[in-house]
Amino acid sequence: MNRRRGEPPQFDEWIANLDWSRVVPKILAAVVLLLIVWAASTSYYTVQPEGQAVVKRFGKVVAIKPPGLHFKLPFGIDQQIFVPTARVLKQEFGFRTLGRGGASPAAYRKSDEHRDESLMLTGDLKVVDVEWVVQYRVEDPDKYLHQVEDVEKTIRDISEAVMRRIVGNSLGSAVLTVKRVQIAATAKEELQDLLNSFDMGINVGTIEMQDVTPPDPVKPAFNEVNQAEQQRERMINEAEKKQNQRLPAARGK
């Protein structure tokens with residue numbers, strides 16, 4: 001193809017004039033170098049101190065690695081999934097705490113969605129607002145990842161069902177006062193039994209009753225009832241005190 005002097009060569013001319021005997025080895029060397037870099041960058045991984053890594057090869061679990069530096073088959077043949085086995089995880093019910101900022105305490109948030117979790121009916125048909133926290137740890141990372149589809153939702157559903165059953169079998173006055181510790185202990189035991197039946201590899205540490213109160217619309221009336229009961233108890237105690245002082249004196253006379 002003819003071209004004027006000073007014009008750059010056309011692409012087809014440039015291709016035709018290439019010395020392929022020298023270009024091809026350079027291209028192959030670049031490809032090999034890229035493959036080596038890719039293999040090196042995908043053949044190791046680091047597991048953080050607060051957990052373990054489940055290593056899967058073509059979807060099958062082949063190893064569970066402790067914290068530290070480990071090697072694996074490159075190019076995505078082996079894939080690792082980190083599971084925080086040394087961390088205490090928690091689920092909050094009836095409220096949510098926002099992140100802490102420095103030394104300031106965590107913010108407390110309660111919405112209508114959270115009230116749907118916490119409003120419960122007691123055995124004597126009273127409504128109470130129960131807030132609690134479930135703390136747990138992962139004991140078997142393989143089971144934690146593969147036994148159920150959604151671990152967090154399963155724990156939430158089971159915890160709420162257990163708490164509603166226990167509160168529903170209790171008197172409202174007991175739930176609001178003296179039965180909180182017993183409810184928490186019973187809920188922990190039943191929740192652990194159900195999680196074991198699902199074989200989820202989870203150990204429940206504690207269930208803490210954060211706050212148990214009447215619903216907001218009836219809190220003023222409930223407080224008035226409490227004040228009246230306290231006043232009644234105080235008057236009874238004062239009457240018994242006077243009785244214990246005066247009757248022995250009268251009998252003595």
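Accessible areas here come from the Shrake-Rupley method with a 1.4 Å probe. On that basis, the chain of this predicted model has an accessible surface of about 16,900 Å², and carbon and sulfur atoms own 56% of that area. Of the 253 residues in the chain, 30% are buried. The secondary structure runs to eight helices and 11 strands. As for contacts with a separation of 6 or more, 67% of them join residues 24 or more positions apart.

Now to the inside. In soluble globular proteins, nonpolar side chains tend to be buried together. Here the largest nonpolar core has 33 residues, and Val130, Trp132 and Met163 have the most contacts inside it. Six elements each supply at least two residues of this core: on the strand side S6 (89-93), S10 (127-138) and S11 (202-213), and on the helix side H5 (151-168), H6 (172-176) and H7 (180-198). Helix H5 gives the most, with seven residues. Apart from this core lies another one, of five residues, including Val47, Ala53, Val55 and Ala63.

Val130 is worth a look on its own. Leaving out residues up to four places away in sequence, Val130 touches Phe93, Ser118, Met120, Met163, Val167, Met209, Asp211 and Val212. Met163, then, turns up both among these neighbours and among the core residues with the most contacts.

On to the rings, where the count comes to two aromatic pairs. One of them is Trp38 with Phe75, an edge-to-face pair with 4.9 Å centre to centre and 75° between the planes. Trp38 sits in helix H2 (residues 20-41) and Phe75 in the loop between strand S4 (68-71) and strand S5 (78-83), so this pair ties together parts 37 residues apart in sequence. Trp38 counts as partly exposed, at 45% relative accessibility, and Phe75 also counts as partly exposed, at 37%.

The other pair is Phe93 with Trp132: the ring centres are 4.5 Å apart and the planes are at 0°, so the pair is stacked. This pair, too, links distant parts of the chain, with Phe93 in strand S6 and Trp132 in strand S10, 39 residues apart. Both Phe93 and Trp132 are buried.

Methods. Residues numbered from 1 in each chain as written. Predicted model: local features only at pLDDT ≥ 70, side-chain atom pairs only at ≥ 80, totals over all residues. Heavy atoms only, no water. Core = buried A, V, L, I, M, F, W, Y, C linked by side-chain atoms within 4.5 Å. Buried < 20%, exposed > 50% of the residue type's maximum accessible area, 1.4 Å probe, protein only. Helix = DSSP H or I, 4+ residues; strand = E, 2+ residues; numbered from the N terminus. Contact = heavy atoms within 4.5 Å. Phe/Tyr/Trp six-rings, centres within 6.5 Å; stacked < 30°, edge-to-face > 60°.
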